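I set out below what I looked up in this structure. The entries run from the whole chain to single side-chain pairs.

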Amino acid sequence: MGIDEQVQKMQMRQNYRNFWHTDLMSTVVADTPFCCFALLCGPCVSYMLRRRALYNDMSRYICCAGYVPCSGRCGESNCPELCLCTEVFCCFANSVASTRFLLQDEFNIQTTQCDNCIIGFMMCLQQLACICSLVACITGSDEIGDLANVLSCLADLVFCSVCPCIQTQHKIEMDKRDGKFGQQPVMAVPQVQQMSRIDQPIPPPIGYPPQPAYGQPPPPYAQGYPPAGYPPPQYPPPGAYPPSGYPK
């Protein structure tokens, strides 16, 4: 992937609509055991997360997920497991960032301003420590060398604190993807008698035979109606018609 494509990808990520399920400040509380595991064995977690991000299909593996110039040129197709192990141990920071970009591009996830500030502070501190180390090597100043050592230790401390949170954030997002938080309730299809009023059985009045559904033949009279002991209605009642005085 060229520089222009990388810049275009970064600009596209700013317009993504979705957000991470958990921000970096809440990952320790959201999944404390996994965060501790990522702190103690970051490369192993990076291997697991990249494999899981690829849906355990290592035939799709590309070095650093295709975000570095050497991607696809390291013989990944011959032995993807070995290449991934080499990536997570030799280029650990790139492996974590590549998994992050892979998830963001797949689910259209943008990074919140707070997360950007935390990651940006971590990277700036590392760059500042590197610059001070170069200046100390060039000038031979002991004071600048001590400052570079302090900044390097501080940068490592911040990185070791933030990186497990980033990996935990990735793990929680894939838990959400794989439905480990529970599926959303799906609207069930109503029963047949609830879909059409024509098909609904109409309860008959007491003492009258059940009325058939529209277009259906009338049911037999002996289906429980009228109730036992209740005489069937007679129409007209005896002696009611013709009225008295009506000529026959």
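What share of the 248 residues in the protein chain is buried? I found 31% of them buried, taking buried as under 20% relative accessible area, exposed as over 50% and partly exposed as in between (1.4 Å probe, protein chains only). I note that the model is predicted: local features need pLDDT of at least 70, side-chain atom pairs count only at pLDDT 80 or more, and totals for chains, interfaces and linings use all residues. Residues are numbered from 1 along each chain as its sequence is written, and side-chain values use heavy atoms, with hydrogens and water left out.

**Entry 1: elements.** I counted nine helices and two strands, each being a DSSP run numbered from the N terminus (helices H or I, at least four residues; strands E, at least two). From the N terminus, their order is α-β-α-α-α-α-α-β-α-α-α.

**Entry 2: helix H5.** I looked up the buried residues of H5 (residues 80-90) and found Pro80, Cys83, Leu84, Glu87 and Val88. They lie on the same side of H5, because they cover an arc of only 130 degrees around the axis, taken from the directions from the helix axis to the C-beta atoms. The face turned away from that side carries the exposed residues Leu82, Phe89 and Cys90. The cover over the buried residues includes helix H4 (42-53) and helix H6 (92-107).

**Entry 3: cores.** I took a nonpolar core as a set of buried Ala, Val, Leu, Ile, Met, Phe, Trp, Tyr and Cys residues joined through side-chain atoms within 4.5 Å. The largest has 20 residues, and those with the most contacts inside it include Val45, Leu84 and Met174. Helix H3 (32-40), H4, H5 and H6 each give two or more residues to this core; H4 supplies the largest share, four residues. Another core of 19 residues lies apart from it, with Val96, Ile119, Ala148 and Leu151 among its members.

**Entry 4: salt bridges.** With a side-chain nitrogen of Lys or Arg within 4 Å of a carboxyl oxygen of Asp or Glu as the rule, I counted six salt bridges. Asp31 and Lys171 form one of them, at 2.6 Å from N to O. Asp31 lies in the loop between helix H2 (27-30) and H3 and Lys171 in helix H8 (residues 142-177), so the pair ties together parts 140 residues apart in sequence. Both Asp31 and Lys171 are buried. Glu87 and Arg50 form another, at 2.8 Å from N to O; this pair links H5 with H4, 37 residues apart. Glu87 and Arg50 are both buried.

Terms used. Contact means heavy atoms within 4.5 Å.
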